[in-house]
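This report describes helix packing, nonpolar cores and backbone geometry in a single predicted model. The sequence and structure come first.

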Amino acid sequence: MVTVIGVRFRTAGKIYYFSPSKLQVKKGDHVIVETARGVEYGSVVLSPKKVSDDEIMQPLKPVLRIATEADEKAQKKNHEKEKEAFKICKEKIVKHGLAMKLVETEYTFDNNKILFYFTADGRIDFRELVKDLASVFKTRIELRQIGVRDETKILGGIGICGRPLCCHTYLTEFAPVSIKMAKEQNLSLNPTKISGVCGRLMCCLKNEEEAYEELNSKLPNVGDRVETVDGFRGEVQTVSVLKQMVRVLITTENDEKEVKDYPVEKLRFKPRRRKDKVASAKEMKELKELEKLEKQDEKKSKLD
């Protein structure tokens, strides 16, 4: 077992483990650490704890120091420089006529490298742009292509639920999202209604997937024949997944039609594979295009 702390370098970013060494580090502190990119400034989001060796990516690097007042000022100065670098890079992109959208500029804490994050529909030959930027900033330059999900994670915004975007507030990594999840939750298959601000399938479709799979497995399909606890046979008209209630059209002893609601446990029926919700031809075309874009995004680099 090894004692580690969890450090994050950006809002809702990934958490990386570092050794606190003999420093008295606590959650909420700012620390200076050495990473693959160089010396970085990060925030402690996990207090010291013991983890097994299997959970650690070796070698486990130590915290260099708890951030001082001078470090805080240096980090603030870097943020000011990032704004100027962003402006210059945008001008250079226009100058070189590149079909790319600059999203964010980031200085490493030690100023040994500047990272420029951008989005683009395809591959971009930015070799001349890198040379141009290097001549201006006199330091190492890295251009990193990211997907539209990562772009939205950086910029933030408000979702259709009226709350700040999950990816910008707490979602550290993107989980795979599929059309099947929308079908399982009986949502509209209109792409505009199940897509997020980024234009991809909403991440929150994943949140309740397991619950809906479990609840749906206990329900009959609409149109199925069922037998009720009071001896009637009928056809399922509608189902309420969350309430686990089933509305059944039954025929009474007087051959009259009547609609009654029953808890699912009061019905007997043959479990059957659930029927997939069907989308229109136009919606299916748009959904397939969405899935294609999802796969393309997965191949692009991710944020640290």
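## Phe137 and the nonpolar cores

Leaving aside neighbours within four places in sequence, Phe137 is in contact with Ala85, Ile88, Tyr107, Ile114 and Phe116. Phe137 is also one of the residues that touch the most other members of the largest nonpolar core, together with Met100, Phe116, Leu133 and Leu143. This core has 18 residues. At least two residues each come from α1, β6 (101-107), β7 (113-119), α2 and β8 (140-145). The most are given by α1, with 4 residues.

A second, separate core consists of 13 residues, among them Tyr212, Leu215, Val226 and Val246. In soluble globular proteins, nonpolar side chains tend to be buried together.

## Packing of α1 and α2

Two packed helices are described by the angle between their axes and the distance between the axes. For helix α1 (residues 69-96) and helix α2 (residues 127-137), the angle is about 140 degrees and the axes are 10 Å apart. With that angle, α1 is oblique to α2. The crossing of α1 past α2 is right-handed.

On the α1 side, the contact is made by Ala85, Ile88, Cys89, Lys92, Ile93, Lys95 and His96. On the α2 side, Glu128, Leu129, Asp132, Leu133, Val136 and Phe137 take part. By class, the residues of this contact are 8 nonpolar, 1 polar and 4 charged.

## Helix α3

Helix α3 (residues 148-155) is largely enclosed by the rest of the structure, because 6 of its 8 residues are buried. The buried residues in α3 are Arg149, Asp150, Glu151, Thr152, Lys153 and Ile154. Just after α3, Gly156 takes a positive phi of about 75 degrees.

## Backbone exceptions in loops

Most residues other than glycine have a negative phi, and most peptide bonds are trans. Gln58 and Pro59 are joined by a cis peptide bond, with omega about 0 degrees. Pro59 lies in the loop between β4 (38-51) and β5 (63-66).

Ser21 has a positive phi, near 55 degrees, and sits in the loop between β2 (15-18) and β3 (30-35). With a relative accessible area of 47%, Ser21 is partly exposed. Asn186 also has a positive phi, near 60 degrees. Asn186 belongs to the loop between α5 (179-184) and α6 (191-194), and its relative accessible area of 55% makes it exposed.

Methods:
Residues are numbered from 1 along each chain as its sequence is written. This is a predicted model: local features need pLDDT of at least 70, side-chain atom pairs count only at pLDDT 80 or more; totals for chains, interfaces and linings use all residues. Side-chain values use heavy atoms; hydrogens and water are left out. Axes are lines fitted to C-alpha atoms, for helices over the stretch in contact, and angles run from 0 to 180 degrees between N-to-C directions. Angles under 35 degrees count as roughly parallel, over 145 as roughly antiparallel, 65 to 115 as roughly perpendicular and the rest as oblique. A crossing is left-handed if the near helix is turned anticlockwise from the far one by less than a right angle, and right-handed if clockwise. Contact means heavy atoms within 4.5 Å. Ala, Val, Leu, Ile, Met, Phe, Trp, Tyr, Cys and Pro count as nonpolar, Asp, Glu, Lys and Arg as charged, and the others, Gly among them, as polar. A nonpolar core is a set of buried Ala, Val, Leu, Ile, Met, Phe, Trp, Tyr and Cys residues joined through side-chain atoms within 4.5 Å. Buried means under 20% relative accessible area, exposed over 50%, partly exposed in between (1.4 Å probe, protein chains only).
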